Structures are given as C-alpha cells and as structure tokens.
Amino acid sequence: MSKLEAIEKKVSGLSAKELAEFRHWFAEFDAAAWDRQIEQDVKAGKLDALADEALRDHAAGKSTEF
C-alpha cells in the first residue's frame with residue numbers, strides 16, 4: 001500500500017468532526033505551502049515579466065480601480 005493509499009484509508013475512516021478538523025488543518029497547510037512557493041517564485045524572478053506587464057498596462061490606462 002502506498003503512502004497516499006494509506007492516507008486515503010485513514011481519512012475515509014474519520015468521523016464527521018475529525019474530518020472537519022482535518023479539512024481546517026489541511027486548508028491552512030495548503031495555503032502555507034502556496035505562500036512558500038509564491039515567495040520562492042518571486043525571489044527567483046519568475047513573476048517579474050507578469051509584474052512588468054501589469055505595470056505597463058496600468059500606465060497605459062488599461063486598468064480600473066475597484
């Protein structure tokens with residue numbers, strides 16, 4: 001049995017309360033992982049082209065305030 005299959009088996013055996021707690025924990029875990037990835041991408045310059053394009057579009061009046 002793979003690690004993923006073992007996790008799936010454990011999760012499917014949780015009570016409704018435990019599943020709700022797991023969902024909450026996983027949402028926070030996943031958000032933190034996403035934040036770390038974005039930070040790494042920013043430091044590596046992977047988003048520079050997108051930021052430059054957005055700034056050019058804004059300077060050209062192609063953006064709207066919300």
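User: Hi! Is Phe22 buried, partly exposed or exposed?
Analyst: Hello! This is a predicted model, and in it Phe22 counts as partly exposed because its relative accessibility is 28%. For that label the value has to fall between 20% and 50%.

User: Got it. And how far apart are the rings of Phe22 and Phe26?
Analyst: The structure holds five aromatic pairs. In the pair of Phe22 and Phe26, the ring centres are 6.1 Å apart and the planes are at 25 degrees, so the pair is stacked. Planes under 30 degrees apart get that name.

User: What about Trp25 and Phe26, how are they paired?
Analyst: Trp25 and Phe26 make a tilted aromatic pair, with 6.2 Å from centre to centre and 55 degrees between the planes. Trp25 has a relative accessible area of 45%, so Trp25 is partly exposed.

User: Which residues do the ring pairs link into a cluster?
Analyst: The cluster consists of Phe22, Trp25, Phe26 and Phe29, linked by ring pairs. Phe29 is found in helix α2, which covers residues 16–43.

User: Which residues form the nonpolar patch on the surface?
Analyst: That patch is made of Trp25, Phe26 and Phe29, and together they have about 320 Å² of accessible area. Phe29 has a relative accessible area of 41%, so Phe29 is partly exposed.

User: Nice. New topic: how many salt bridges are there?
Analyst: The count comes to two salt bridges. In one of them, the side chains of Glu21 and Lys17 meet with N to O at 3.2 Å. Glu21 and Lys17 are both in helix α2, four residues apart, or about one turn of the helix.

User: Last one: is Asp41 buried or exposed?
Analyst: Asp41 counts as buried, because its relative accessibility is 15%, and buried means under 20%.

How values were computed
Residues are numbered from 1 along each chain as its sequence is written. This is a predicted model: local features need pLDDT of at least 70, side-chain atom pairs count only at pLDDT 80 or more; totals for chains, interfaces and linings use all residues. Side-chain values use heavy atoms; hydrogens and water are left out. Patches are made of residues with over 30% relative accessible area and no salt bridge: like charges are joined within 9 Å, nonpolar side chains (Val, Leu, Ile, Met, Phe, Trp, Tyr) within 5 Å. Accessible areas come from the Shrake-Rupley method with a 1.4 Å probe; for residues, only the protein chains shown count as cover. A salt bridge is a side-chain nitrogen of Lys or Arg within 4 Å of a carboxyl oxygen of Asp or Glu. Helices (H or I, at least four residues) and strands (E, at least two) are DSSP runs, numbered from the N terminus. Buried means under 20% relative accessible area, exposed over 50%, partly exposed in between (1.4 Å probe, protein chains only). Rings of Phe, Tyr and Trp (its six-membered ring) pair if their centres lie within 6.5 Å; planes under 30 degrees apart count as stacked, over 60 as edge-to-face and the rest as tilted.
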